[in-house]
There are 2 protein chains.
Amino acid sequence: MTVTAAKGFEAAGVAVGLKSTGKLDVAVVVNRGPDKVGAAVFTGNRAKANPILWSQQVIADGVVEAIVLNSGGANCFTGSFGFQTTHQTAEKTAELLGVSAADVLVCSTGLIGSGDEVFRAKVLDGVQKGVAALSADGGTDAASAIMTTDTVSKTAVRQRDGWTIGAMAKGAGMLAPGLATMLVVITTDAVLDAAQADAALRAATRVSFDRLDSDGCMSTNDQVTLLASGASGIVPDLDAFRAALADLCGELARKLQADAEGASHDIAIEVRHAASEADAVEVGRSVARNNLFKAAVFGNDPNWGRVLAAIGTTNAEFDPYDTDVWMNGVRVCTAGGPDAPREQVDLTPRAVEVLIDVKAGTHTATILTNDLTHDYVHENSAYSS
Amino acid sequence: MTVTAAKGFEAAGVAVGLKSTGKLDVAVVVNRGPDKVGAAVFTGNRAKANPILWSQQVIADGVVEAIVLNSGGANCFTGSFGFQTTHQTAEKTAELLGVSAADVLVCSTGLIGSGDEVFRAKVLDGVQKGVAALSADGGTDAASAIMTTDTVSKTAVRQRDGWTIGAMAKGAGMLAPGLATMLVVITTDAVLDAAQADAALRAATRVSFDRLDSDGCMSTNDQVTLLASGASGIVPDLDAFRAALADLCGELARKLQADAEGASHDIAIEVRHAASEADAVEVGRSVARNNLFKAAVFGNDPNWGRVLAAIGTTNAEFDPYDTDVWMNGVRVCTAGGPDAPREQVDLTPRAVEVLIDVKAGTHTATILTNDLTHDYVHENSAYSS
């Protein structure tokens, strides 16, 4: 299933030693057509890895034949040698498939600064083995091959009137918007042109991955790609396609949140009655990035003072003395003062819902984040990534 | 010494049960003149505690007779009752001193949302006892009374040509700019008018407390106050006064950094060759707020990739592929690629120096921060503050 759920796609996941554990570490996904439509969104970080620099060129014409992804090394800040590695990865894939290298996307994930001769040799070996292993059942292996600190592989499928969307995702740390840190490949057999694919993908990521902010840190390697084969022969209702794609991206975003490094709570911060959607996002994000609030949730402490202190750092339209805050259904702060006793709030479940009513307008947004835990500190201090 | 090092000041620190430990918890500092000059800077947080709202009015005319400070409760988001508590605190102090309540500053620190009838009664009791205990030797007790999670009291003194500056500070968490979370009282017996005091204080805090960013979280209660008595009779050279004040504030900022909650490293991030001072500050602050980088330092891992990934999120002028990074004297990244091996970097000392050369201009700024540790998570999850 996953990226091979939709007709017209083959995939593979192979092991070439990029992961010291010997697990699958290179994935190849090929679009067999008849259409070869591609769209992609990339990290907003100005420090971009070599595969991002390459893929931004590839996607410009909206034509994609294949995508190669490796874990075990980000190939970021590895200089011109690293860029050549990415180029050679695309060249070799193209040669084996009989297509143009300019239509092959490349993604990498792992430690920044890693991408030496050994890395290059292994990735090229992965291309050779991956193309040889391509199959219509290869989606599951491909999804495993892109995992890094993920504890589970993340996949999602939507089936509608004669067409299908399938996807795989990886991401477990450094989850912040624009995009969250992740590699995602989405395939569909619906008939779409490049502009339709691009518009649908941007609309979907804006309200899903871009609202996931686990730790405020933005990666150098993020890429979300949509490939359309047209193999179903069905021209979808565009609204239905967009809705299905947004729904699928939302499911993947929640799966990334649920597997965030070291997290013990999944926190949904819903901001209501904001003066604009941008205000709602800014308010939600300020709370999602507040270490004191995140540590309080880890300690099951409904510390609404830290929520208001975080909102106070924004430029959003709001009156700090007329703002209400609910935690898991209990209004702990009303009109800028204490309301229900903290003891009424049960923060022991993994799911925590924070509702903030800023009483300034009609707009709403929900930001997904996690708590700040001992395990987060451990995972990000004991291991390089 | 501390705030009573300069002539013309009396102070006291008393215990009235705001701290469950029975330690000193209310401080009073009185300016006996002949001048009654005051200047203050306040938190940039739009969510401001009642004492901040009050003190902003008091400081408007540049005349201050006294300042009352309590630990054990922030009196923030406590509604109109809380504002009345602050008002009564100033009224009672003024009555006992025979001055106007409009010339009495009030500061509070502790848990947001705390400020009930019991709190009010204790603070007013503290005013009674504090005024009764005022003495020219009271500075040390006053410095103890404002401590919260501080493990040591922070004081500093500068003596120049016939005039003196003395100060006390508290702050150990939620340290972020505009201001860092802190209460600071600085006294001087130099002869200054209100405009001179205000200009000197703003210039000093801009390059000291405003560049301390321990955990990215901004408090609701921050205040830095400068009181001038003129008791030395000396009109200082203004440049010399400004330099001494900035130097004193820098010392206090480093003392706050060294006592930051749960920290195991004091990190100085120096940004060189930025296109503007604002760019240098933005770059330094982006690194100081990056949880992944901060966790890496805790793990003694010179992870320069996380430094570049953090800078990439800024709008500062820089080329990610032509930026150099040093850690504790070792250039680990040059021109956007790996340089000296990580093994050469010793991050085991508490002091960590990160030098970032963005090669875009002539401006420099240094941001002070701390690492992200298990103890930080513990202190901020196990206790409300």
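Across all chains, this structure holds 38 salt bridges. Before I go on, please keep in mind that the model is predicted.

D198(A) pairs with R202(A), and their closest N and O atoms lie 3.1 Å apart. As background, side chains of opposite charge can pair when their charged atoms come close.

Now the interface. How many salt bridges are there between chain B and chain A? The count is 0. Polar contacts are another matter: 14 residue pairs are in polar contact across the interface of chain B and chain A, with both residues at pLDDT 80 or more. On the side of chain B that touches chain A, the residues divide into 24 nonpolar, 24 polar and 6 charged.

Next, the extent of the contact. Chain B gives 54 residues to it, and chain A gives 54 residues. Together the two chains bury about 4,200 Å², with 57% of that on carbon and sulfur atoms. Which three residues of chain B supply more of its buried area than any other three? They are R46(B), F77(B) and L292(B), which supply 18% of the area that chain B buries against chain A.

You will find F77(B) in the loop between strand 4 (66-70) and helix 2 (79-97) of chain B.

Back to the side of chain B that touches chain A, this time by element. Helix 8 (291-298), helix 9 (304-311), strand 13 (337-338) and helix 10 (374-382) of chain B each supply at least two residues to that side. Helix 10 of chain B gives the most, with 6 residues.

How are the two chains related? The same surface serves both copies, and 100% of the contact residues of chain B recur in chain A.

On to the strands. In chain B there is an open sheet of 6 strands, in the order 13-12-11-14-10-15, with mixed pairing. Strand 13 and strand 15 (363-370) of chain B stand at the edges with a single partner strand each, so one side of each has no neighbour in the sheet. In general, strands of a sheet pair through backbone hydrogen bonds, either parallel or antiparallel.

For a strand with two partners, I will move to chain A. Strand 11 (residues 324-327) of chain A runs antiparallel to strand 14 (residues 351-357) of chain A, with 4 bridges between them. Strand 11 of chain A is also joined to strand 12 (residues 330-334) of chain A by 3 bridges, again antiparallel. One residue shows both pairings: W326(A) has L355(A) as its bridge partner in strand 14 of chain A, and R331(A) as its bridge partner in strand 12 of chain A. Strands 11 and 12 of chain A form a hairpin with 2 residues between them, and N328(A) in the turn has a positive phi of about 45 degrees.

One last item, on the backbone. Which peptide bond in chain A is cis? The one from G33(A) to P34(A) is cis, with omega near 20 degrees. P34(A) is in the loop between strand 2 (26-31) and strand 3 (37-42) of chain A. In chain B, the peptide bond from G33(B) to P34(B) is cis, with omega near 20 degrees. P34(B) has its place in the loop between strand 2 (26-31) and strand 3 (37-42) of chain B.

Methods: Residues numbered from 1 in each chain as written. Chains lettered and ligands numbered in written order. Predicted model: local features only at pLDDT ≥ 70, side-chain atom pairs only at ≥ 80, totals over all residues. Heavy atoms only, no water. Contact = heavy atoms within 4.5 Å. Buried area = accessible area lost by both parts, 1.4 Å probe. Salt bridge = Lys/Arg side-chain N within 4 Å of Asp/Glu carboxyl O. Polar contact = N/O pair within 3.5 Å; in protein donor to acceptor, adjacent residues only side chain to side chain. Nonpolar A, V, L, I, M, F, W, Y, C, P; charged D, E, K, R; others polar. Pairing = 2+ DSSP bridges.
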